[in-house]
Amino acid sequence: MDKSLGDIQREVDAYISQFKEGYFSPLSMLARMSEEVGELAREVNHQFGEKPKKADEAENSIELELGDILFITVCFANSLGIDLTEAHNKVMHKFNTRDAGRWTPKNTD
């Protein structure tokens with residue numbers, strides 16, 4: 001089932017709203033996001049770098065680590081009242097204007 005960013009934001013909010021604690025503070029969420037990015041880096045290094053996993057390390061995946069990062073990003077946005085669809089639109093506008101001639105386009109013929 002396809003979900004829009006708005007759908008995802010509402011789903012995460014419904015989940016977090018079940019708990020008295022609610023969203024963490026922005027500083028705590030930034031720390032959590034940093035932790036998750038570190039876990040993604042570790043997984044990428046295991047799969048594509050020179051550092052193999054230890055025999056006793058848990059099995060993990062880049063997909064799950066990216067999912068964790070998406071979840072904490074959505075939590076962060078929700079806690080600050082940020083619409084991620086609007087944020088995405090603004091970022092794409094920036095890339096399509098500021099960086100319009102920065103990269104070599106693929107031939108379309």
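Student: How does Phe 19 count by its relative accessible area?
Tutor: This is a predicted model, in which local features need pLDDT of at least 70, side-chain atom pairs count only at pLDDT 80 or more, and totals for chains, interfaces and linings use all residues. Residues are numbered from 1 along each chain as its sequence is written, and side-chain values use heavy atoms, leaving out hydrogens and water. Buried means under 20% relative accessible area, exposed over 50%, and partly exposed in between, with a 1.4 Å probe and protein chains only. Phe 19 has 39%, so the residue is partly exposed.

Student: How many aromatic pairs does a search of the whole structure find?
Tutor: Rings of Phe, Tyr and Trp (its six-membered ring) pair if their centres lie within 6.5 Å. On that rule, the search of the whole structure gives a count of two.

Student: What kind of aromatic pair do Tyr 15 and Phe 19 form?
Tutor: Planes under 30 degrees apart count as stacked, over 60 as edge-to-face and the rest as tilted. The Tyr 15 and Phe 19 rings are 5.2 Å apart, centre to centre, with 75 degrees between the planes. That makes the pair edge-to-face.

Student: Why is the pair of Tyr 15 and Phe 71 edge-to-face?
Tutor: The ring centres of Tyr 15 and Phe 71 are 6.3 Å apart. The pair is edge-to-face because the planes stand at 70 degrees.

Student: How many residues apart are Tyr 15 and Phe 71?
Tutor: Helices are DSSP runs (H or I, at least four residues), numbered from the N terminus. Tyr 15 is in helix α1, and Phe 71 is in helix α3 (residues 62–79). The pair links distant parts of the chain, with a separation of 56 residues.

Student: At what angle do the axes of helix α1 and helix α4 cross?
Tutor: Axes are lines fitted to C-alpha atoms, for helices over the stretch in contact, and angles run from 0 to 180 degrees between N-to-C directions. The axes of α1 (residues 5–16) and α4 (residues 84–98) come within 8 Å. They cross at roughly 140 degrees.

Student: Is His 46 buried or exposed, and at what relative accessible area?
Tutor: His 46 belongs to helix α2 (residues 26–48). The residue counts as buried because its relative accessible area is 13%.

Student: Over the ring of which residue does the charged end of Lys 94 sit?
Tutor: A charge sits over a ring if NZ of Lys or CZ of Arg is within 6 Å of the ring centre and within 35 degrees of the ring normal. The charged end of Lys 94 is 5.3 Å from the ring centre of Phe 95.

Technical notes
Helix = DSSP H or I, 4+ residues; strand = E, 2+ residues; numbered from the N terminus.
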